[in-house]
Amino acid sequence: MLPAAHEEGWVSGSIAHRPVLLHETVELLAPRSGAIVVDGTLGAAGHAHALLEAIGSEGRLLGIDRDVEALELARRRLASFGDRFTPIHGRHEDLTSLLRDAGVFACDTMLFDLGVSSMQLDRPERGFSFRHDAVLDMRMDATTGESAADLLARIEEADLRRIISRWGEEKRSGAIARAIVRERERRPLVRTAQLAAVIERVAGPAARRFKIHPATRTFQALRIAVNGEIEGLERLVNDAVSLLRRGGRIAVISYHSLEDRAIKTALRALANRCTCPPRLPVCGCGKENLVRIVTGRPVRPGDQEIDGNPRSRSARLRVAERL
Ligand SMILES: C[S@@+](CC[C@H](N)C(=O)[O-])C[C@H]1O[C@@H](n2cnc3c(N)ncnc32)[C@H](O)[C@@H]1O
């Protein structure tokens, strides 16, 4: 269910945050009534709302987000669920300790809907977007860590090129990194519009023919670097699975091919640990498989969802069940 359009913060700019693959996620997670659910990327609480409804009056959901603004919004949206909802400020990299501090040592259902929310992208002052001029911040948790402007002020050109190439999959990474370094030699590079203009100059008039704005990939790469979005995903899956009860399910929605690869690798490793010959009735190697993969191929949004929410275009949902 989408929030009311007038509700503060739900719609900023033109696009509200719409939970991606919502029905597919709830259907594949199939949380039982009374379940303990952990949403490790609470965001605007779209998935959390649907999951709380699915688990009924005996169920409980703990929602983690590193963004205090998102948490505050989620808190308001989920207020009607009372103490069945527990908001937690923190990074899901610290999943085990965050849950332990909340008195939770095992759960039935887990969701990670990775990346940024539309709210973050569309709030000019968060500095994620080249569409609005703002301070070049890009931190999901604005209370801590290095901003994109800080990163650009100190990074070596070769490292910057690698970031833009790897996480932005940008062909012009060398020329863009060089232009950024030249710009910062002239004056501090601290505004989103300033960075976008540097990249537009590299792209030149040919940019008019590009399907996406020439700064899209570089902004994505910097966002991933600033927030450390991809390192640690495999460990996250391992930690999450070790907290799941038998029969419990984990779902991960990713938006970048490198994220999806990390999730696929981690889940496959947990599904194929056992080295016993298939004819053995019970595992004798001591490395039992920990999960069964529920989605052989990742689930992708259909045309209708993509038309209504273009940001869902790159989403891939993978689900596994704890054995
Ligand atoms: C795509 S949004 C989630 C949207 C949510 N499923 C919904 O329906 O509204 C991702 C959220 O995860 C948060 N996030 C991203 N990385 C995180 C991390 N490492 N730890 C905790 N929260 C994180 C972001 O701040 C953002 O609010």
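A polar contact is a pair of N or O atoms within 3.5 Å; within protein, one must be able to donate a hydrogen and the other to accept it. In this predicted model, the side chain of arginine 318 makes such a contact with the side chain of aspartate 260, at 2.7 Å.

**Arginine 318**

- Arginine 318 is located in strand E9.
- Its relative accessibility is 8%, and arginine 318 therefore counts as buried.
- Apart from neighbours within four places in sequence, the residues in contact with arginine 318 are Ile250, Ala251, Val252, Asp260, Ile263, Lys264, Leu267, Thr295, Gly296 and Pro298.
- Asp260, one of these residues, is also the partner in the polar contact of 2.7 Å between side chains.

**Helix H1**

- Helix H1 spans residues 22–29, and its buried residues include Leu22, Thr25, Val26 and Leu29.
- These four lie on the same side of H1, because they cover an arc of only 90 degrees around the axis.
- The exposed residues His23 and Glu27 are carried on the face of H1 turned away from the buried side.
- Among the elements that cover the buried residues of H1 are helix H2 (46–55), strand E6 (107–113), strand E7 (244–254) and strand E9 (316–322).
- Alanine 30 follows H1 and has a positive phi, near 40 degrees.

**Aromatic pair**

- The count of aromatic pairs comes to one.
- The pair is formed by phenylalanine 130 and phenylalanine 219, and it is edge-to-face because the ring planes stand at 80 degrees, with the centres 5.4 Å apart.
- Phenylalanine 130 lies in the loop between helix H5 (118–122) and helix H6 (148–154), whereas phenylalanine 219 lies in helix H10 (residues 216–227), so the pair ties together parts that are 89 residues apart in sequence.
- Both phenylalanine 130 and phenylalanine 219 are buried.

**Cysteines**

- The structure contains zero disulfides.
- Cysteine 274 counts as partly exposed because its relative accessibility is 26%, whereas cysteine 276, at 17%, counts as buried; the limit for buried is under 20%.

**Strands E3 and E4**

- Five of the six residues of strand E4 (residues 60–65) are buried, so E4 is largely enclosed by the rest of the structure.
- Strand E3 (residues 36–39) pairs with E4 in the parallel sense, over four bridges.
- Isoleucine 36 has arginine 60 as its bridge partner in E4.

**Threonine 144**

- Threonine 144 is located in the loop between H5 and H6, and phenylalanine 130 also lies in the loop between these helices.
- At 46% relative accessibility, threonine 144 counts as partly exposed.
- The C-alpha atom of threonine 144 is separated by 9.8 Å from that of arginine 66, and the two residues are 78 residues apart along the chain.

Terms used. Residues numbered from 1 in each chain as written. Predicted model: local features only at pLDDT ≥ 70, side-chain atom pairs only at ≥ 80, totals over all residues. Heavy atoms only, no water. Buried < 20%, exposed > 50% of the residue type's maximum accessible area, 1.4 Å probe, protein only. Helix = DSSP H or I, 4+ residues; strand = E, 2+ residues; numbered from the N terminus. Arc of directions from axis to C-beta. Contact = heavy atoms within 4.5 Å. Phe/Tyr/Trp six-rings, centres within 6.5 Å; stacked < 30°, edge-to-face > 60°. Disulfide = S-S within 2.5 Å. Pairing = 2+ DSSP bridges.
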